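This report is meant for a reader who is meeting the structure for the first time. It begins with the chain as a whole and then turns to selected places within it.

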Amino acid sequence: AYNGYPLDKFVPQKTAAYISQTDVHVGVMTVKETLEFSARCQGVGTKYDLLTELARREKEAGIRPEPEVDLFMKATSMEGVESSLQTDYTLRILGLDICADTIVGDQMQRGISGGQKKRVTTGEMIVGPTKVLFMDEISTGLDSSTTFQIVKCLQQIVHLGEATILMSLLQPAPETFELFDDIILLSEGQIVYQGPRDFVLEFFESCGFRCPERKGTADFLQEVTSKKDQEQYWADKQRPYRYISVSEFAQTFKRFHVGLELENHLSVPFDKSRSHQAALVFSKHSVSTRELLKASFDKEWLLIKRNSFVYIFKTIQLIIVALIASTVFLRTQMHTRNLDDGFVYVGALLFTLIVNMFNGFAELPLTITRLPVFFKHRDLLFYPAWIFTLPNVVLRIPFSIIESIVWVVVTYYTMGFAPEADRFFKQLLLVFLIQQMAGGLFRAIAGLCRSMIIAQTGGALFLLIFFVLGGFLLPKDFIPKWWIWGYWISPLVYGYNALAVNEFYSPRWMDKFVMDKNGVPKRLGMAMLEGANIFTDKNWFWIGAAGLLGFTIFFNVLFTLCLTYLNPLGKPQAVISEETAKEAEDNGLPRETVSNGSTRRNGSTRRNGSMKSKDGSNNS
């Protein structure tokens, strides 16, 4: 229970926030943009309600607030303008105002330093209404002075903002250790000490161990529970040293005055009426869907502008390929005399289909690089998956229209396709739908595979199946009966048939006749469609277009479902205690203690520091 409420009675993800030891951010966004987006997704929380309550109490007590303070509080609690002011305030507190307009950076682009990145990770959460932070080894990859600066800054946030922070740190420097109010000492899966930092040395002295004068308290705490290092701290040299196990320490702590005080405190159930309504968050939706969509569309448009080179390059690439294709299938060499001429046109149509299919491939790496940030935001309940996918799909449409026009304008009359204007626009529609379907397919593969390596192997498998069963490498009549279902679920079938029907139903093919095997005259267009194993029904243009549209919707819905229900790829690992490890060893199992993905020496000790507001408000 928290504040007397079980975890299923409120929303823990909105009340508290987990801050990972890895900094996951969109590399091309600036520090201010990152925090601003986070603020827009989290909203102002209960600040408006608190301000109303404060104003009422001030009026009752006859207090006139200072104009500047009053203005600031009103500005940070109002909907609509809250994010920019709240963001500026957070940037100033964290000392990030000097790099507010610098991009965060990633492996490919240089951005802010490691220490600044850590502060951005923290700022992303404290910019919202969250008051409880769980920080997992935030010193990873930082030097001790940077760690000290960050913890010092967090100490200010805790003491001034009435917040609570639980932080795990590996080997903190003595000056960093001194900043904490409380210490939780964990060893072999048991709590050895939990209470004020001031009494931790007193506790170990009562057990017979003293910290040497020139030894850092944090290092002493890590070693005093270890079998290898414990003896050097034995205080009473008159008495023989005896190894004290972790279990004994844990039992002794329960009898120590801090342990007894803790037990007494926890034995009394927390009175729910003491918990202010604003201390916990009871709704998952702290921001309206309209506001979330607006924030998501703004972010997506910003990323498109930052990645504009990709889209410009894609269009130029398409123009170059279109010019090459136009010189290969040049209209002066393209005739409409017989079936052989028709198959050259089938080749040109197939090339159109395949080039526009692979034009969507850029979606795969672009989507995969953005998934880690999405999963972080999703788990923190910033927004549901469809808020992320909708702008992703919708804002790509104008670029797809431009690319389709470029391709069809350059190739259609140069290759010598049917000269009627309606057939030109029909092919334009099909090319656009093929591009949309391909974009959806590669997005769905990215969402399903979630890693570049798996996507390139698993994605290639999907494509091979679609191509082999697409009706052009292997005609429909030659596909085995048990594989015919694969023919109908290949989106390329619909694109291929629609393109062919659009071309071969034109008057220049239908007004010419050829003799079939029985010597009966047949329209050249019909003979061509039958010869290429294509459906001869004129309606197949619209069936194909509807099929492509259906696959586009299906793949984008599949992408959204993958992002909603699948988790990022990673190895789930657990920490096991010495006793469990020993039991496992006795039973013939390998012995290993794992924590945070790395094997540690047996008997490893972790220190968790916690800071809390001086009156311990809103915590139980």
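## The chain as a whole

The chain exposes about 31500 Å², of which carbon and sulfur atoms supply 60%; accessible areas come from the Shrake-Rupley method with a 1.4 Å probe, and for residues only the protein chains shown count as cover. This is a predicted model, in which local features need pLDDT of at least 70 and side-chain atom pairs count only at pLDDT 80 or more, while totals for chains, interfaces and linings use all residues. Residues are numbered from 1 along each chain as its sequence is written, and side-chain values use heavy atoms, with hydrogens and water left out.

The chain holds 26 helices and ten strands, where helices (H or I, at least four residues) and strands (E, at least two) are DSSP runs numbered from the N terminus. Of its 620 residues, 48% count as buried, buried being under 20% relative accessible area, exposed over 50%, and partly exposed in between (1.4 Å probe, protein chains only). Among the contacts in the chain with a separation of 6 or more, 75% come from residues 24 or more positions apart, contact meaning heavy atoms within 4.5 Å.

Helix 2 (residues 31-42) packs against helix 6 at an angle of about 25 degrees, and their axes are 8 Å apart; axes are lines fitted to C-alpha atoms, for helices over the stretch in contact, and angles run from 0 to 180 degrees between N-to-C directions. The two helices, helix 2 and helix 6, are therefore roughly parallel, since angles under 35 degrees count as roughly parallel, over 145 as roughly antiparallel, 65 to 115 as roughly perpendicular and the rest as oblique. On the side of helix 2 the contact is made by Val31, Thr34, Leu35, Ser38 and Gln42, and on the side of helix 6 by Val120, Gly123, Glu124 and Met125.

Threonine 130 lies in the loop between helix 6 (114-126) and strand 2 (132-136), and with a relative accessible area of 10% threonine 130 is buried. Apart from neighbours within four places in sequence, threonine 130 is in contact with Lys14, Thr15, Ala16, Ala17, Gln42 and Met125.

Phenylalanine 361, in the loop between helix 15 (339-358) and helix 16 (363-379), is partly exposed, with a relative accessible area of 33%. Its C-alpha atom is separated by 7.1 Å from that of glycine 439, although phenylalanine 361 and glycine 439 are 78 residues apart along the chain.

Leucine 366 lies in helix 16 and counts as buried at 19% relative accessibility. Leaving aside neighbours within four places in sequence, leucine 366 is in contact with Asn307, Val310 and Tyr311.

## Helix 17 and its cover

Seven of the ten residues of helix 17 (residues 385-394) are buried, so helix 17 is largely enclosed by the rest of the structure. These buried residues are Ala385, Ile387, Phe388, Thr389, Pro391, Asn392 and Val393, and what covers them includes helix 13 (289-306), helix 16, helix 18 (397-415), helix 19 (421-449) and helix 25.

## Helix 22 against helix 25

Helix 22 (residues 491-504) and helix 25 (residues 540-565) pack at an angle of about 150 degrees, with axes 8 Å apart, and helix 22 and helix 25 are therefore roughly antiparallel. The residues that make the contact include Pro491, Tyr494 and Val501 of helix 22 and Trp540, Phe541 and Phe555 of helix 25.
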